[in-house]
Amino acid sequence: ASFSPDGTWVLTASSDRTAKLWSVESGECFRTLEGHGAELTVASFSPDGAWVVTASKDRTAKLWDAESGECFRTLAGQSGAIYDAKFS
């Protein structure tokens, strides 16, 4: 799990092929990011909290707009599962 830079959200990656954005305050799921074809291995916030990156055993990574939940770009081409992805 990854906390947003401002500490208000928790981002989780799941074997159900989704990432979920949770409110720290209420514990409620705010948004579900769907689109991977296999279980997710990691989900991380960008340093400014505006973006999310997810990686999956489907051999793709995806960039998401954290506010809207829209997938901005799918990065494909790995020959195997992707186990790590983060912003620097």
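Biologist: Why is serine 4 called buried?

Modeller: Because serine 4 has a relative accessible area of 6%, and buried means under 20%, exposed over 50% and partly exposed in between, with a 1.4 Å probe and protein chains only. The value of 6% lies under the cut-off, so serine 4 counts as buried.

Biologist: What sort of model does that value come from?

Modeller: It is a predicted model, in which local features need pLDDT of at least 70 and side-chain atom pairs count only at pLDDT 80 or more, while totals for chains, interfaces and linings use all residues. Residues are numbered from 1 along each chain as its sequence is written, and side-chain values use heavy atoms, with hydrogens and water left out.

Biologist: Where is serine 4 placed, and which residues does serine 4 touch?

Modeller: Serine 4 is in the loop between strand E1 (2–3) and strand E2 (9–13). A strand here is a DSSP run labelled E of at least two residues, and helices are H or I runs of at least four; both are numbered from the N terminus. Not counting residues up to four places away in sequence, serine 4 touches Trp9 and Phe45, where contact means heavy atoms within 4.5 Å.

Biologist: What makes the pair of serine 4 and aspartate 6 a polar contact?

Modeller: Their side chains come to 2.7 Å. A polar contact is a pair of N or O atoms within 3.5 Å, where within protein one must be able to donate a hydrogen and the other to accept it; residues adjacent in sequence count only if both atoms are side-chain atoms. The distance of 2.7 Å is within that limit, so the pair qualifies.

Biologist: How do you know that E2 and strand E3 (residues 18–23) pair?

Modeller: 5 bridges join E2 to E3, and the two run antiparallel. Threonine 12 faces lysine 20 in E3, and valine 10 has tryptophan 22 in E3 as its bridge partner.

Biologist: What makes the phi of arginine 17 worth noting?

Modeller: Most residues other than glycine have a negative phi. Arginine 17 has a positive phi near 75°, in the hairpin of E2 and E3, with 4 residues between the strands. Arginine 17 is called partly exposed because its relative accessible area is 45%, in the range in between.

Biologist: What is the phi of arginine 59, and why is arginine 59 called partly exposed?

Modeller: Its phi is near 75°, and its relative accessibility of 43% falls in the range in between, so arginine 59 is partly exposed. Arginine 59 is in the turn of the hairpin of strand E6 (51–56) and strand E7 (60–65), which has 3 residues between the strands.

Biologist: What makes E6 mostly covered?

Modeller: 5 of the 6 residues of E6 are buried. E6 pairs antiparallel with strand E5 (residues 40–45) over 5 bridges and with E7 over 5 bridges. Serine 44 stands opposite valine 53 in E6, and tryptophan 51 stands opposite aspartate 65 in E7.

Biologist: Why is alanine 76 called exposed?

Modeller: Because its relative accessibility is 67%, which is over the limit for exposed. Alanine 76 is in strand E8 (residues 71–76). Alanine 76 and threonine 60 are 16 residues apart in sequence but 4.7 Å apart in space, C-alpha to C-alpha.

Biologist: What counts as a cavity, and how many of 30 Å³ or more are there?

Modeller: A cavity is a set of points on a 1 Å grid over the protein atoms alone where a 1.4 Å probe fits but cannot get out, and its lining residues have an atom within 4 Å of a point. The volume is the space filled by probe spheres set on the points, which are joined across faces, edges and corners. The count is 1 cavity of 30 Å³ or more, and the largest cavity holds about 40 Å³.

Biologist: Which residues line the largest cavity?

Modeller: Leu11, Leu21, Arg31, Leu33, Val52, Trp64, Asp65 and Ala66 line it. E4 and E7 are the elements that give two or more residues to this lining.

Methods:
Two strands pair if DSSP finds at least two bridges between them. On a 1 Å grid over the protein atoms alone, a cavity is a set of points where a 1.4 Å probe fits but cannot get out, and a pocket is an open set with protein on both sides within 12 Å along at least five of seven lines; lining residues have an atom within 4 Å of a point.
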